[in-house]
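The sequence and structure are shown first.

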Amino acid sequence: MVYQIKTIGNNIDQKGLSELGDQFAIDQVTEEKAHAFLCRAQNFHTYKFSENLLAIGRAGAGFNNIPVEQCSSQGIVVFNAPGGNANAVKELVLAMMIFGSRNLKPANKWLSEQLGSDQAIDLAVEKGKKAFSGSEIAGKTIGIIGLGNIGSRVANDAEKLGMKVIGYDPYIAVERAWEISSHVKRVTQLSDIFEQADYITIHTPLTKETRGMYGAENFAKMKKGVVVLNFARDEITDKDAVLEYINNGTIQHFATDFGSEKFYHQDAIFVTPHLGGSTAEASLNCTRMAANSLKRYLMTGEIINSVNFPRVVQELNSPYRITLINKNVPNVVANIAALVSEQSINIANIVNRGQGEFAYTLLDLDESNADKIDALVDQFKANENIVRVRVIQR
Ligand SMILES: NC(=O)c1ccc[n+]([C@@H]2O[C@H](COP(=O)([O-])OP(=O)(O)OC[C@H]3O[C@@H](n4cnc5c(N)ncnc54)[C@H](O)[C@@H]3O)[C@@H](O)[C@H]2O)c1
Ligand SMILES: O=C(O)[C@H](O)COP(=O)(O)O
């Protein structure tokens, strides 16, 4: 079987696709006929997904561009590439902190307005440069909201640069907690970040809680002269609040990865065009990770790095594997077992894991008779609690 992958948008790293191998065809069919999409931050919220679509690989971290609940109910598994671009974002954030502290944007603008001979410019520079004297990050306090793949790296490197680091993450993953330097102080109140930090950076997904987190209520708690960064998601920032707190002298510099006309022509604001994850290394990492997850899912039914289904890894040693995406309701597993038994088929292995409203079931069968497998598949397809059925032959 050849699996049809459709890349959406033009910025998928082509080298990363070589992971897929001979059993995969890239961009040979229309979106309608593709088994899987591979994408970056393109918005899918108005998409109508075809019944042929089994999976979406997001070659990046954030997945708010994908209607995940709709995908779950259509039996589409969504994968992302956790950590694949974290170093890229971390480097840009550290650069932007220093960029802001040293007043480089207004300094560069002022310099480009100095005209004349090099000697004349030199004279003007030595006279005028004191207006742009900055401050150093060493010894200052950085407050990090979200200590995941990016936030944990920012925390560790900021500490190495001599900063005092405080972090807020009520949902921190155990693996990340182990990776973070013991010198990083975890705070349990978000207000501690806004009250104590000289630099504030946020590295969370866009959620109900984080939407508008950079807003007047939290900004009112900040110290004067703070540098604030948002390289996570646009909607975290209330733009009018940023302008208000720049104008009242609280925010010295605001750096963001998300463009808005409101932010142009402001000396205290530096905007990058969503470049956080845009390095050659990150693009390759993320495409490789998403491609590998798609390959594994399509060829073996195993799920790793999915945002809407649990991790399920199980070696296939039987002639047939049936994978089911089913509603996470009582008795489904018993019904599945009963349908298998009706066909006089023996179950070699069954794994069922739920996540929210849906669950994923791997059913390995000690059966080589294709007709019996087909009959069972028909039964599964007719079951109201089962939304997707696939057969994988060893
Ligand atoms: N600018 C870019 O190009 C770029 C690149 C990568 C990621 N991002 C954004 O950054 C986000 C973080 O990326 P990541 O790779 O670190 O993800 P991650 O999943 O590894 O980490 C996110 C962390 O945020 C924490 N969190 C969730 N809700 C929180 C809350 N209300 N308060 C505090 N912490 C909370 C989670 O517990 C987790 O530890 C992504 O979701 C994406 O939106 C942007
Ligand atoms: O969430 C992410 O990984 C970033 O926002 C990067 O998005 P991109 O892959 O479209 O650059």
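Two strands are taken to pair if DSSP finds at least two bridges between them. In this predicted model, β4 and strand β5 (residues 77–79) meet that criterion, with 3 bridges in the parallel sense. Strand β3 (residues 36–39) also runs parallel to β4, and 4 bridges join them. The table gives these pairings with a residue pair from each.

| Strands | Sense | Bridges | Opposite residues |
|---|---|---|---|
| β3 and β4 | parallel | 4 bridges | L38 and G57 |
| β4 and β5 | parallel | 3 bridges | A55 and V77 |

From β4 the chain passes through helix α2 (residues 68–73) to reach β5, a β-α-β crossover that is right-handed. Within strand β4 (residues 55–58), A55 and G57 point one way, whereas I56 and R58 point the other way. All four of these residues are buried, R58 included.

Which of its residues are buried? They are V332, I336, L339 and V340. These residues lie on the same side of α12 because they cover an arc of only 100° around the axis. In general, an α-helix has 3.6 residues a turn, so residues three or four places apart point the same way.

The buried residues of α12 pack against the strands β13 (320–327), β14 (346–355), β15 (358–366) and β16 (386–393), and also against α13 (370–382). After α12 comes S344, which has a positive phi, near 55°.

Note on methods. Residues numbered from 1 in each chain as written. Chains lettered and ligands numbered in written order. Predicted model: local features only at pLDDT ≥ 70, side-chain atom pairs only at ≥ 80, totals over all residues. Heavy atoms only, no water. Buried < 20%, exposed > 50% of the residue type's maximum accessible area, 1.4 Å probe, protein only. Helix = DSSP H or I, 4+ residues; strand = E, 2+ residues; numbered from the N terminus. Arc of directions from axis to C-beta. Contact = heavy atoms within 4.5 Å. Right-handed = clockwise from strand over helix to strand, strands pointing away.
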